[in-house]
Amino acid sequence: MSNPGTLAVAVAGADALRGSFDGPRGPKPRVTFSRRNIFIYGTLIFAAIYYLIPLYVMIVTSLKGMPEIRLGNIFSPPMEITFEPWVKAWATACTGLNCDGLSRGFWNSVRITVPSVALSIAIASVNGYALANWRFKGADIFFTILIVGAFIPYQVMIYPIVIILREMGLYGTLKGLVIVHSIFGMPILTLLFRNYFSSLPEELFKAARVDGAGFWGIYFRIMLPMSLPIFVVAMILQVTGIWNDFLFGVVYTKPDTYPMTVQLNNIVNSVQGVKEYNVNMAATLITGLVPLVIYFISGKLFVRGIAAGAVKG
Amino acid sequence: MNFGAVPVLQNLDLDIEEGEFLVLLGPSGCGKSTLLNCIAGLLDVSDGQIFIKGKNVTWEEPKDRGIGMVFQSYALYPQMTVKGNLTFGLKNAGVPKAEIARRIARTAEILQIEPLLDRKPSQLSGGQRQRVAIGRALVRDVDVFLFDEPLSNLDAKLRSELRVEIKRLHQKLANTMIYVTHDQIEAMTLADRIAVMKGGLIQQLDRPQEIYKRPVNRYVAGFIGSPGMNFLDGAVTAKDGAPRFVAEGIDIALANYRFDNQHAGPAVFGIRPEHIGINSGEDWPFSATAPVEIVEPMGSDTLVWTRLGGQNLTIRVSSERAPRTGDQVTVGFDPINASLFDAASGERL
């Protein structure tokens, strides 16, 4: 900003004003242990510990043998690390009649989650695109209905859906549950996609129309390539939501097709025999691993998608 | 071409000659972009008809209208290269590959964007982006070019460069071009004809010089020209058959003013700052003494603010002849250059 003129003046004046140049200059020094820093970091560290202690207890316990657990020191690290509880939880723990651990539930959950996520995102993104860009007749009413749908408690719809699925011959099957998950994901996902597509410049859409692209042409060639972040957001929402779902799983499936969460509940809450805390902890950790992995892989994109105005208004 | 009526636009009838450069000029919200979108087929008209090249295209899809459009935000497809952007429309239309290559080469040459063809839009500067956006319309060999404030996002220097380039393009291609802007300089420099719009109505449709010299109402007079026209409030009186404009401390004989519609009553006298002389020594039909309040040097010209009978009067003089603040100067002008408006309706008298 300084032009040569003022610079020259400053240099000339430097000698005359030598004394006044001894004062503060450059960046202001920062005190590491200021009261403000102690307060901020103290709060953050406390909150972090508060959230991490249960996780720590779970991991530690899952690596102990039962005799060690009976000693009652839940915070102490394991004296002798054993992976026995993890193996048992995965492969041999009993739930009801089956004694093949969580593995059955894991594969059931995969077979529920993957198609549900794919189907719901595919439909909702097209919905959102149509609502945002093609202002068709009745678009607003349609959108309002969808939004209202997002606020209806699931519980009131459970029984009607049982009947519908029974009539369609899908009750108790994985296919039935996939349909239920896809439908219930629709309101929030459509809202998400609609808002994202509305935030993209409208002129792009107009330019594509002038260039002769149709409904699907614009969707696949223009909109999709610009929407990776929001697809990741939708995927994370759906994967965690569907993977962690318990209610629909327990209502719409049979013991053979129970998702992992229901099986976990059955293992942890089984009343016969000794409570095997280490197996329970291991089973819980295994169940929670999938959403956790998804977060770690796509966390950055998730933040970008959120920041892109995806979840606003 | 004819354009019918739309809700934002009421009773609008516009005939554009083939090869004409028409500028729709108006403040934001006056309906000029709406009109352009209707022509493009991006908005449905609630009533009326649109003809392009004698063909009724009112119900046609945008791609079938023979139009190309350039947007303010460039609207380049971000994930495609410049080449991809240019070919997108042609591929949609099923143009053969050899033909696509030929047209790309020609467009790139005209707009001098050959070195940019393999770049993504994010790697281009604003001016380059807008050139590509123009190319996207050019490559489709359309009858009518629609420009929606194409230069508004550019800085002043680039804007004047691209303005010349668009004018050159028009001379070269001789296509019909419809250009929307709120910038009156763009309108004056580019247009064969300007349609000044306000509130969905075309106020005046005429050649730029005509609009500048003989604005049909006070709105157009104030909108066109920078610095703006001086307006003096007063009244027209007709004494002994000779019309005069009278206000406090002002009495102007209107002997050589060309009246469209002469009647007495409250009126506004408008005169452009460059039509007023200061201490020129000429024999003006009207002259008076006025104090200089503010002097604004603008480089080649200087804008002098004076007061005439209690009303502001700005005068544009060459910088060498500029007076100083506080001077008393003689100002003079010829009513033949002036515009008189009815005070109530704003219509030209």
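In chain A, 75% of the contacts between residues at least 6 apart in sequence join residues at least 24 apart; two residues are in contact if their C-beta atoms, placed from the backbone, lie within 7 Å. This is a predicted model, in which local features need pLDDT of at least 70 and side-chain atom pairs count only at pLDDT 80 or more, whereas totals for chains, interfaces and linings use all residues. Residues are numbered from 1 along each chain as its sequence is written, and chains are lettered from A and ligands numbered from 1 in the order in which they are written.

**Chain A**

Chain A has 14 helices and 0 strands. Helices (H or I, at least four residues) and strands (E, at least two) are DSSP runs, numbered from the N terminus. Of the 313 residues of chain A, 31% count as buried. A residue is buried if 20 or more other C-beta atoms lie within 10 Å of its own, exposed if 12 or fewer, and partly exposed in between, with C-beta atoms placed from the backbone.

Helix H5 (residues 103-133) of chain A crosses helix H11 (residues 228-244) of chain A at roughly 145°, and their axes come within 9 Å. The axes of H5(A) and helix H8 (residues 174-199) of chain A come within 6 Å, with a crossing of roughly 35°. Axes are lines fitted to C-alpha atoms, for helices over the stretch in contact, and angles run from 0 to 180 degrees between N-to-C directions. H5(A) passes H11(A) in a right-handed crossing, and the crossing of H5(A) with H8(A) is also right-handed. A crossing is left-handed if the near helix is turned anticlockwise from the far one by less than a right angle, and right-handed if clockwise.

The contact of H5(A) with H8(A) has 18 nonpolar, 12 polar and 2 charged residues. Here Ala, Val, Leu, Ile, Met, Phe, Trp, Tyr, Cys and Pro count as nonpolar, Asp, Glu, Lys and Arg as charged, and the others, Gly among them, as polar. Where H5(A) meets H11(A), the residues from H5(A) include A:Ser109, A:Ile112 and A:Ser116, and those from H11(A) include A:Phe231, A:Met235 and A:Trp243. By class, this contact of H5(A) with H11(A) divides into 9 nonpolar, 5 polar and no charged residues.

**Between the chains**

The two chains meet through 17 residues of chain B and 14 residues of chain A. On the side of chain B that touches chain A, strand E4 and helix H2 (82-92) of chain B each supply at least two residues. That side has 11 nonpolar, 5 polar and 1 charged residues.

Helix H1 (residues 32-40) of chain B is mostly covered, with 8 of its 9 residues buried. Among the buried ones are B:Leu35, B:Leu36, B:Cys38 and B:Ile39. Their cover includes helix H9 (202-210) of chain A, together with strands of chain B, among them E1 (21-25) and E4 (67-70). After H1(B) comes B:Gly41, with a positive phi near 85°.

**Sheets of chain B**

An open sheet of 6 strands in chain B has the order E4-E5-E6-E1-E7-E8 and mixed pairing. Two strands pair if DSSP finds at least two bridges between them. The edge strands are E4 and strand E8 (201-206) of chain B, each pairing on one side only. Neighbouring strands of this sheet are turned by 15° against each other on average, direction ignored. Helix H4 (residues 126-138) of chain B packs on the sheet and touches E4 and E5 of chain B, its direction making about 170° with that of E4(B).

Another open sheet of chain B has 5 strands in the order E11-E10-E9-E12-E18, with antiparallel pairing. Its edge strands are E11 (250-253) and E18 (339-342) of chain B. On average, neighbouring strands here are turned by 35° against each other, direction ignored.

Strand E17 (residues 328-333) of chain B has a covered face of B:Val329, B:Val331 and B:Phe333, and an uncovered one of B:Gln328, B:Thr330 and B:Gly332.

| Strand pair | Bridges | Facing residues |
|---|---|---|
| E10(B) and E11(B) | 4 bridges | B:Phe245 and B:Ile252 |
| E7(B) and E8(B) | 5 bridges | B:Lys198 and B:Leu201 |
| E13(B) and E17(B) | 3 bridges | B:Ile276 and B:Phe333 |
| E14(B) and E17(B) | 6 bridges | B:Ser287 and B:Gly332 |
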